[in-house]
Amino acid sequence: MSDAHHDHKPTGIGRWLFSTNHKDIGTMYLWFSLTMLFVGGTMALIIRAELFQPGLQIVEPEFFNQMTTLHGLIMVFGVIMPAFVGLANWQVPMMIGAPDMALPRMNNWSFWLLPTAFSMLVASLIMSIMGMGSAPNFGWTFYAPLSTTFAPASTDYFIFSVHLLGISSVMGALNIIATIMNMRAPGMTYMKMPIFVWTWFITAYLLIAVMPVLAAAVTMMLTDRNFGTSFFSAAGGGDPLLFQHVFWFFGHPEVYIMILPAFGVVSQIIPTFARKKLFGYTSMVYATASIAFLSFIVWAHHMVTTGMPVAAELFFMYATMLIAIPTGVKVFNWVSTMWRGSLTFETPMLFAIAFVVLFTIGGFTGLMLAIAPADFQYQDTYFVVAHFHYVLVTGSLFTIMAAVYYWIPKWTGNMYDEKLGKVHFWLTCISANVLFFPMHFVGLAGMPRRIPDYSIQFTEFNQMASIGAFVFGFSQLLFLYIVIKAIKGGNKATTEVWEGAEGLEFTLPSPAPFHSFTTPPQVK
């Protein structure tokens, strides 16, 4: 190959298809996540439209089940996880002073598996709409025997899709670990890394540990469905409860995979706008590690109504409550960082403060659910739905938005529109609470989840939630507009973006030009 070929920088579509540049790949992850947010969000709006009043109005119960299933899967695997991986791709190399990720080609591959996997998942829905069978309809947790004995043929598509997602996640995690361990700038010891890097370092280990467990669960499903095995079938000597144990052994660390990077983002933003160093850096690192460890020994708290021995119930109850301690340490440190700081309230800080308050509400309802005798009442009601949406929407999603506002000046060289950003924040924050807070009440009053119809006494709260949902959903179009506007132009961002702020990211020497959207030479 000639030297001229070596210096070739792909342009146009080739730049994106074959990119080995961490910034381009990070950008693709973030756009993919935003696209999926609108797809999964549309499904949520179909659910909320059906639940606006009792009775069956808009969709068939079967289609409603497909919506709840795909909404959950898309939001977890298609929105929250890819967005955090996108943030990691952009920020981790810059924060540790590395020129790129350690394994750039694998980085490209792990991204491109995602659109492939989700095309398969959404294809099953399109086939369902065209009357060629049914999309997955067994809830995002795909419990056996609903997903084995009674599931539609498209379930095999779903299984293949999940395998691809798992491969993508494991490759992304290996890449992050290799990068952090081998490519830190001289003098950047582990205990000098920004907290965002730490949270991703720990999250990557979680991913590598639990993704094979999910792969095992769907592989057993596959052989039960197609090859006559009976892992989850009591008729053949198996046990449907085995599925729940395997699934939640993956599923519980998974929810921490979706929140630990959020903790990292908030730990970067709050010190910046408080103009203070993060309070309790070391305790933050140890708290993150202990949350990760504890997440492995609490999986059966999702299963207290399945007839566990009382001793097991007690163990899982106490272990779950224990997680509140390191989480409380983090909340204490964030509040202490703000305490007597020179606070300013730009959009990223508003989202970060909303995160601290609302995520804490999600934490408290989680503590309620941890109490085994109480959980017998809360199990499979809308109270659980309220709990995990407070954790994943006002928790993970709010921090992803905070991160975009916080770093977009660094990514594009342009400032976003601060006025519109604040409008977006208030619309999003208020509507999210109107959407999810009433669910606590209908849940405590006994309204079950995953149903298209309900008893008449729940009508008003459901109408509130549905109105909140539509305002929340359409507010995100404003977010899209703000992002595109910032990419296209606007006031140039200075090298010291947030004036007077002590954010680590902005004082580290950047290995690339500040507003670099250019493609560095590709990996040979």
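Which element gives the largest share of the lining of the second largest pocket? Helix H3 does, with 8 residues.

This is a predicted model, in which local features need pLDDT of at least 70 and side-chain atom pairs count only at pLDDT 80 or more, while totals for chains, interfaces and linings use all residues. Residues are numbered from 1 along each chain as its sequence is written, and side-chain values use heavy atoms, with hydrogens and water left out.

A pocket here is an open set of points on a 1 Å grid over the protein atoms alone, where a 1.4 Å probe fits, with protein on both sides within 12 Å along at least five of seven lines; lining residues have an atom within 4 Å of a point. A volume is the space filled by probe spheres set on the points, which are joined across faces, edges and corners.

| Pocket | Volume | Lining by class |
|---|---|---|
| Largest | about 1200 Å³ | 25 nonpolar, 21 polar, 4 charged residues |

Ala, Val, Leu, Ile, Met, Phe, Trp, Tyr, Cys and Pro count as nonpolar, Asp, Glu, Lys and Arg as charged, and the others, Gly among them, as polar.

Let's start with the largest pocket. Its lining draws at least two residues from each of H4 (61-96), H8 (240-257), H12 (324-338), H13 (347-370) and H15 (382-412), and H13 gives the most, 9 residues. Helices are DSSP runs (H or I, at least four residues), numbered from the N terminus.

Closest to its centre, of 35 lining residues, are Ala44, His71, Met75, His389 and Phe436. Two or more lining residues come from each of H3 (22-50), H4, H15, H16 (418-444) and H17 (459-488).
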